[in-house]
There are 2 protein chains.
Amino acid sequence: MKQSWRPGTMIYPLPAVLVSCGSTEQTRNLITVAWTGTICSDPAMCYISVQRPRYSHHILMEEMEFTINLTTERMARATDWCGVRSGREYDKWRETGLTPVKGQMVGCYYIEESPVSIECRVKEVVHLGTHDMFIADVLNVIVDDRYIDAQTGALRLEDAGLIAYAHGHYYTLGRELGHFGFSVRKSPKKGGGRR
Amino acid sequence: MKQSWRPGTMIYPLPAVLVSCGSTEQTRNLITVAWTGTICSDPAMCYISVQRPRYSHHILMEEMEFTINLTTERMARATDWCGVRSGREYDKWRETGLTPVKGQMVGCYYIEESPVSIECRVKEVVHLGTHDMFIADVLNVIVDDRYIDAQTGALRLEDAGLIAYAHGHYYTLGRELGHFGFSVRKSPKKGGGRR
């Protein structure tokens, strides 16, 4: 049986990324964001939605740049902590022990411990309600080479221990069910599909 | 060591939802979408990004409504299949065996087998590049009551077997790492945080 619920935010699972912003040691901050995703493949574009009262909001509005840092099981506690504490009261970099590295294409810092950091420039800010959506161009992707296969050059993101967020809980990724396209592969080998 | 890659779509893990659209038995279709997410909490708003050449694109443009159906391990093969096949050539409902149920607040059908279906009305279409972003209001959330705790009324989405998509692979969700807020709970009990 089905129940109808009032409108709500029920798209899951989502990433729980650490967004870094602020181009100086004084202003740099970290903010945990699940309202994020890809909006266009070419050009590569993405968004983050941030509530106006949040400390990072004015930094984003002033600098119009941010970096999306993917998070891992090892970073789960820091990810959660940056989602419940404010940069007004804490130096989140110092408190979490995450290592800031000066960006390459943007002024803000990226997280050394993150397997993938995505440098973005805001193109448009859309005022929606509780949240403003920052629509951005991807300028650069910084990848930890420990996840790059030395033989093939392919990114083995499955080794990074990424985490997902679903309806108030954080999870590891579990069993692989198959590659994109596995359902139309002739071979009966499960998960044998290739993009 | 870090490597810089050219701009790309590297935000993961993402949901791999089945979007249903089309309000008649002749036009109804299913499309697999990972470029989706929440963009505002209140009012509840979300988006899907769809390539213009895809068969569903003109249905979306004409009817300006769609339903986001969350997908599960049982639906993984159908989800992948709907991502590589076109509604121009197949009746995807018939081929996948998924059960169409007429929507409540929108004309399109939702998937009976989906634990959560989110009915949406398009508010704006933003032309970006390869993809158009359909920005939408959430009108209604349809929940399978087998995942609703009879005692508390809470949604036990963790029992639904949701799947995630990351860099060309589908995964189950794995181990729970904690509730939102677990990092600031006084109790040492892991995952004891409450929103």
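Q: How many salt bridges are there between chain A and chain B?
A: Keep in mind that this is a predicted model. One pair to look at is Glu73(A) with Arg175(B), whose closest N and O atoms are 2.1 Å apart. That sits inside the 4 Å cut-off for a salt bridge. Across the two chains, the count comes to four.

Q: By class, how many nonpolar residues does the side of chain A that touches chain B have?
A: Let's sort that side of chain A by class. Charged residues number 14 and polar ones 26. The nonpolar residues come to 49.

Q: About how much area do chain A and chain B bury between them?
A: Start with who is touching whom: 89 residues of chain A are in contact with 89 residues of chain B. Of the area buried between the chains, 62% is on carbon and sulfur atoms. The total is about 8400 Å².

Q: Which three residues supply more than any other three of the area that chain A buries against chain B?
A: Together, this trio accounts for 9% of what chain A buries against chain B.

Q: How are the two copies related?
A: Superposing chain A on chain B takes a rotation of 180°, with 0.0 Å of shift along the axis. The RMSD of that superposition is 0.0 Å. The copies are therefore related as by a two-fold rotation axis.

Q: Which residue of chain A comes closest to the rotation axis?
A: Here the distance is taken from the C-alpha. For the residue in question it is 1.9 Å. That residue is Gly174(A).

Q: Why do the copies meet through the same surface?
A: Compare the interface residues of the two chains. Those of chain A are also interface residues in chain B, so the copies meet through the same surface. The share that is common to both is 100%.

Q: In which sense do β13(A) and β13(B) pair, parallel or antiparallel?
A: Seven bridges link these two strands. As an example of who faces whom, Tyr170(A) stands opposite Gly178(B) in β13(B). The sense of the pairing is antiparallel.

Q: Which strands stand at the edges of the open sheet?
A: Six strands make up this sheet, in the order β2(A)-β12(A)-β13(A)-β13(B)-β12(B)-β2(B). Each edge strand has a single partner, so one side of it is left without a neighbour in the sheet. The edges are β2 of chain A and β2 of chain B.

Q: What is the bridge partner of Pro15(B) in β12(B)?
A: Two bridges join β2(B) to β12(B), and these strands run antiparallel. In β12(B), Pro15(B) has as its bridge partner Ala164(B).

Q: Is the peptide bond from Asp42(B) to Pro43(B) cis or trans?
A: Pro43(B) lies in the loop between β5 and β6 of chain B. Chain A has a cis bond joining Asp42(A) and Pro43(A), with omega about 0°. In chain B, omega for the Asp42(B) to Pro43(B) bond is near 0°, and the bond is cis.

Q: What is the phi of Met64(A)?
A: Most residues other than glycine have a negative phi. Met64(A), in the loop between α1 and β7 of chain A, is not a glycine, yet its phi is positive. The value is about 55°.

Key:
Residues are numbered from 1 along each chain as its sequence is written. Chains are lettered from A and ligands numbered from 1 in the order in which they are written. This is a predicted model: local features need pLDDT of at least 70, side-chain atom pairs count only at pLDDT 80 or more; totals for chains, interfaces and linings use all residues. Side-chain values use heavy atoms; hydrogens and water are left out. Contact means heavy atoms within 4.5 Å. Buried area is the accessible area (1.4 Å probe) that two parts lose on being put together, summed over both. A salt bridge is a side-chain nitrogen of Lys or Arg within 4 Å of a carboxyl oxygen of Asp or Glu. Ala, Val, Leu, Ile, Met, Phe, Trp, Tyr, Cys and Pro count as nonpolar, Asp, Glu, Lys and Arg as charged, and the others, Gly among them, as polar. Two strands pair if DSSP finds at least two bridges between them. Helices (H or I, at least four residues) and strands (E, at least two) are DSSP runs, numbered from the N terminus. Copies are superposed by least squares on the C-alpha atoms of residues with pLDDT of at least 70 in both.
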